[in-house]
Structures are given as structure tokens and as C-alpha cells.
Amino acid sequence: MVRGKIQMKRIENPVHRQVTFCKRRAGLLKKAKELSVLCDAEIGIFIFSAHGKLYDLATKGTMQGLVNKYLKSTQGADPDVEDRQATEKQVQDTKMEIDVLKTEIDLLQKGLRYMSGGGTGKMTMDELHVLEKNLEVWIDHIRSVKTDIMLQEIQLLKNKEEILRAANHYLNDKMSNQYGFTNIDGLVMNDVAYPLTIQNEIYQF
């Protein structure tokens, strides 16, 4: 008689489900023992039934020994271990960076003493080359800062110029309305009293 294909879904009948569990569990453990013998493999199996009962198998040694071996072999996947390794690497990188900075500072101090004539001994070609590179970086940085400051000053002058233009236009309009002059740019007014300043925060410098 040909057996029908078993559908992979939960067996609803509790009796049939328990019988299938016992048969399949025994078959799985048997296959594990055979695999261990044939291939000289260490195999550990945990099985918990629907009621929480534990069935286990350790083909070589004890289950605790297999668990310890498993944990040891998977330490790299442990998040705590990964965090510790990352922290240690960060500390090492920081120490290396500090050492590099100390070396650069010592070299720069030696170069400054050498250029000021207060140093003893001579600098090597490599030290002079590093000092030259650092000086080039400093010069570029200084030039960049100077350029930024000059641009800011130019912008401030432009802003003041616009304010002065606005103030001049306002005064021209006021004089024209008050004294009837249409163009006072070229006139010298000695006898006419008019305010030269405006009490307004916009025109204060």
C-alpha cells in the first residue's frame, strides 16, 4: 500500500500528535547517533515537548561540555564581547593618535627652537620635510582666515554704504519738502538751520 504524502501542518488530534512526536523524536535521536558514529561528529540535541518536557542527547561527553564548547566557539557573536572588542579597539586607536600627536608636537617644538636659534643639534632631512609640510598647512590656514575676515569687513563697509545712501536720500527728500529745494547736493547753506543728524537707530554708527 502506497503511503500518502503527509502535509506539513499541526496535527489537530492530540493522540495522533503525541504518537507522531514520540516516533519522530526517536527517529531523530537515532539518526543523530548514527551520524556521530559514521562521521565521528559531536552532536547535541535539545527537544522540548508541547508540555515542556526536555529530551536531550549528547553523542560524545556531556551536554554541558557541548554547551561550553558551543559558547566558546561563538564568543565573537556575543554582543557583550563585540562591545568589549570595539571599546578596546577604540582605546588602542586613541592611544596611537595621542602618540602621533606627541611626536608631531615634539618635532614642531624642536623646529621652532631650531629656527629661533635656541636649539641644540641639527634636524634631519625627514624632520625638516615634516616641518615644511606643517608650515605649509599653517600658512594656508592663515590665508584662509585672513580672506574670511577681509570678506566680512568688505560686507560691513557695503552695509554702511547702503545705510549712508539711504540717510542721504532721506535728508534730500526732507530738505526738498521743507525748504523747496530740488537739488541741494551742490548748495552751501550757511543761513538755513536744519538738522544734520536723524534720531533713528538705522542711521546711528
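A residue is partly exposed when its relative accessible area lies between the buried limit of under 20% and the exposed limit of over 50%. D93, at 35% relative accessibility, therefore counts as partly exposed. The structure is a predicted model, and a search of the whole of it finds five salt bridges.

**Confidence**
- The chain has a mean pLDDT of 79, with 79% of its residues at 70 or more.
- Confidence is highest in strand β1 (residues 44-48), at 91, and lowest in helix α3 (residues 79-116), at a mean of 80.
- Residues 187-200 have a pLDDT below 50, and this stretch makes 15 contacts in the model beyond near neighbours in sequence.
- Where pLDDT is low, the predicted coordinates should not be read in detail.

**Salt bridges**
- D93 pairs with K89 in a salt bridge whose closest N and O atoms are 3.1 Å apart. The two residues are four apart in helix α3, so about one helical turn separates them.
- K69 and E42 form a salt bridge, with 2.6 Å between the closest N and O atoms. Because K69 belongs to helix α2 (residues 63-73) and E42 to the loop between α1 (14-39) and β1, the pair ties together parts 27 residues apart in sequence.
- K69 counts as partly exposed at 48% relative accessibility, and E42 counts as partly exposed at 44%.
- E12 forms a salt bridge with R10, the closest N and O atoms lying 3.2 Å apart; both E12 and R10 are exposed.

**Residue E132**
- E132 is part of helix α4 (residues 125-179) and, at 44% relative accessibility, counts as partly exposed.
- The C-alpha atoms of E132 and G111 are 9.6 Å apart in space, with the residues 21 apart in sequence.

Conventions. Residues are numbered from 1 along each chain as its sequence is written. This is a predicted model: local features need pLDDT of at least 70, side-chain atom pairs count only at pLDDT 80 or more; totals for chains, interfaces and linings use all residues. Side-chain values use heavy atoms; hydrogens and water are left out. Buried means under 20% relative accessible area, exposed over 50%, partly exposed in between (1.4 Å probe, protein chains only). pLDDT is the predictor's confidence in each residue, from 0 to 100. Contact means heavy atoms within 4.5 Å. A salt bridge is a side-chain nitrogen of Lys or Arg within 4 Å of a carboxyl oxygen of Asp or Glu.
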